[in-house]
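Please take a moment to turn the model before you and follow its chain from one end to the other. The paragraphs below then lead you through it part by part.

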Amino acid sequence: MERGFKYRIYPNESQRDQIARTLGCCRFVYNRALDVKKSAYAKTGKTVSWAELSRMLPAWKRDPDTSWLAQVDSMALQQSIRDLDRAYKNFFRRVREGGKPGFPKFKSRRHARQSYRTNGGKILDRNHIALPKLGNVRAKVSRPLQGRFMSVTVSLDAAGRYFATFLCTDVPSKDTTATDREVGIDLGVETLATLSDGTKIENPRHLKKYERKLAREQRRLSRRKGARRGEKPSGRYMKQRKRISRIHAKIADARTDALHKVTTMLADENQVLCMEDLNAKGMMKNHHLAKAVTDASFGEFAQLLEYKCAERGRSLVKIGRFYPSSKTCSTCGHRLDALPLSVRSWDCPACGAHHDRDVNAARNILTEGKRILSNTEGTAGHTGTVAAITA
């Protein structure tokens with residue numbers, strides 16, 4: 001397994017200047033390499049490989065006009081060219097798969113998040129890490145690294161916070177005790193997750209707590225010089241934009257913390273976990289649900305649960321999104337023709353059983369997941385594999 005270990009860092013003034021310089025140089029190299037590739041293709045119909053671009057980099061450093069490239073970490077500049085090569089490969093892969101292409105674009109200095117990646121770096125102690133060209137940087141090391149170190153990414157977010165993310169591979173699995181517990185999970189807006197045993201995990205609605213404050217600060221931003229299109233942003237505009245970014249960061253941190261706690265609890269306590277493969281993007285097209293779906297963050301919930309099941313040796317089964325879990329009676333199997341979203345509980349016309357809509361759906365998801373798991377080779381409940389199956 002590959003895992004990223006993210007730490008908050010607190011660089012001093014000279015280190016912040018060096019980070020800013022490195023970000024600018026990496027952005028310049030990426031944009032210049034993209035321009036070289038586009039120009040070469042327009043003239044000859046052939047592209048320029050990343051190896052050829054890498055061989056151009058020393059000449060760019062010797063050029064008097066761009067000699068400042070030599071002041072930053074050379075590996076970070078090489079990684080920028082690799083990032084461009086990966087962007088091209090992803091573009092052609094999406095074209096082959098019939099998805100949205102997304103051709104590589106030039107990077108902007110005004111992008112909310114800036115980052116660069118390098119191959120050096122190590123943890124010194126609980127309060128310091130070492131990074132190339134930066135030396136010892138004050139940090140908050142919350143946990144030790146595991147596995148084999150690959151690379152480190154230094155990032156600056158929109159709220160002005162600095163982070164160092166260490167990528168490690170061959171991370172060992174967690175030593176967890178096998179259990180015979182199985183659970184079905186029904187995700188929702190009113191209740192974040194309803195389990196097949198009747199437990200309901202409430203949706204914290206982190207965005208709603210800060211909505212009024214966020215609206216007030218955004219109104220202030222709209223009155224600053226630079227809010228209109230084509231107008232040069234003033235210093236007060238940039239300060240106000242960072243103030244809004246801090247609020248968004250606080251909301252995102254609270255949401256991620258809550259999702260980590262819920263998914264860790266589910267992965268620790270259950271051997272087999274079954275959930276729906278929800279179409280979150282499609283749900284967000286409904287303007288009545290878009291804000292609530294975004295706040296609940298179903299995609300991040302599924303992503304966290306998937307990797308935690310993998311590292312604990314649990315089995316995760318994803319049920320097809322068109323499976324009628326809410327309309328089917330979990331007692332006798334009778335299926336209703338229609339069940340509006342406004343109906344939160346109903347009585348089965350066949351057997352008379354009374355159902356809570358979400359609990360009934362979670363039970364049906366568990367039943368369907370166990371059926372898929374038993375019929376699929378190599379995904380037995382206690383093999384330690386993740387079964388991401390769409391019915």
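**A walk through the predicted model**

Serine 297 sits in the loop that runs between helix α7 (290–296) and helix α8. The model is a predicted one, and in it this serine, although it is not a glycine, has a positive phi of about 60°. Is serine 297 buried or exposed? With a relative accessible area of 14%, serine 297 is buried, since the cut-off for that word is under 20%. Another residue that is not a glycine but has a positive phi is lysine 133, where the angle is about 70°. Lysine 133 belongs to the loop between β4 (128–131) and β5 (135–140), and its relative accessible area of 52% makes it exposed.

Of the 391 residues in the protein, 41% are buried.

Helix α4 covers residues 206–222, which is 17 residues, and from its first C-alpha to its last it reaches 24 Å, close to the 24 Å expected at 1.5 Å a residue. Which residues of α4 are buried? They are His206, Leu207, Leu214, Glu217 and Leu221.

A search of the whole structure finds one cavity of 30 Å³ or more, and the largest cavity has a volume of about 50 Å³. The residues that line the largest cavity are Leu192, Asn203, Pro204, His206, Arg255, Ala258, Leu259, Asp295 and Ala296. Helices α5 and α7 each supply at least two residues of this lining, and the largest share, three residues, comes from α5. Sorted by class, the lining of the largest cavity has five nonpolar, two polar and two charged residues.

From the cavity we can turn to the pockets. The largest pocket has a volume of about 1,500 Å³, and 41 residues line it, with Gly4, Phe5, Lys6, Arg143 and His260 lying nearest its centre. The elements that give two or more residues to this lining are the strands β1 (3–10), β6 (148–156) and β7 (162–169), together with the helices α5 (235–269) and α8 (298–312). Which classes do the lining residues fall into? For the largest pocket they divide into eleven nonpolar, twelve polar and 18 charged.

The second largest pocket has a volume of about 840 Å³, and of the 25 residues that line it, Leu187, Leu278, Met283, Leu341 and Arg357 are the closest to its centre. At least two residues of this lining are supplied by each of β8 (182–187), β9 (191–195) and α9 (357–375). By class, the lining of the second largest pocket is made up of eleven nonpolar, seven polar and seven charged residues.

The cysteines raise a further question. A disulfide is a covalent bond between the sulfur atoms of two cysteines. How many disulfides are there in the model? The count comes to zero, where a pair of cysteine sulfur atoms has to be within 2.5 Å to be counted. Cysteine 332 is in no disulfide, and the nearest cysteine sulfur, which belongs to cysteine 348, is 3.6 Å away. Cysteine 332 is partly exposed, with a relative accessible area of 40%, whereas cysteine 168 counts as buried at 1% relative accessibility.

Threonine 177 lies in the loop between β7 and β8, and with a relative accessible area of 67% threonine 177 is exposed.

Conventions:
Residues are numbered from 1 along each chain as its sequence is written. This is a predicted model: local features need pLDDT of at least 70, side-chain atom pairs count only at pLDDT 80 or more; totals for chains, interfaces and linings use all residues. Side-chain values use heavy atoms; hydrogens and water are left out. On a 1 Å grid over the protein atoms alone, a cavity is a set of points where a 1.4 Å probe fits but cannot get out, and a pocket is an open set with protein on both sides within 12 Å along at least five of seven lines; lining residues have an atom within 4 Å of a point. Grid points are joined across faces, edges and corners, and a volume is the space filled by probe spheres set on the points. Helices (H or I, at least four residues) and strands (E, at least two) are DSSP runs, numbered from the N terminus. Ala, Val, Leu, Ile, Met, Phe, Trp, Tyr, Cys and Pro count as nonpolar, Asp, Glu, Lys and Arg as charged, and the others, Gly among them, as polar. Buried means under 20% relative accessible area, exposed over 50%, partly exposed in between (1.4 Å probe, protein chains only). The expected span of a helix is 1.5 Å times one less than its number of residues.
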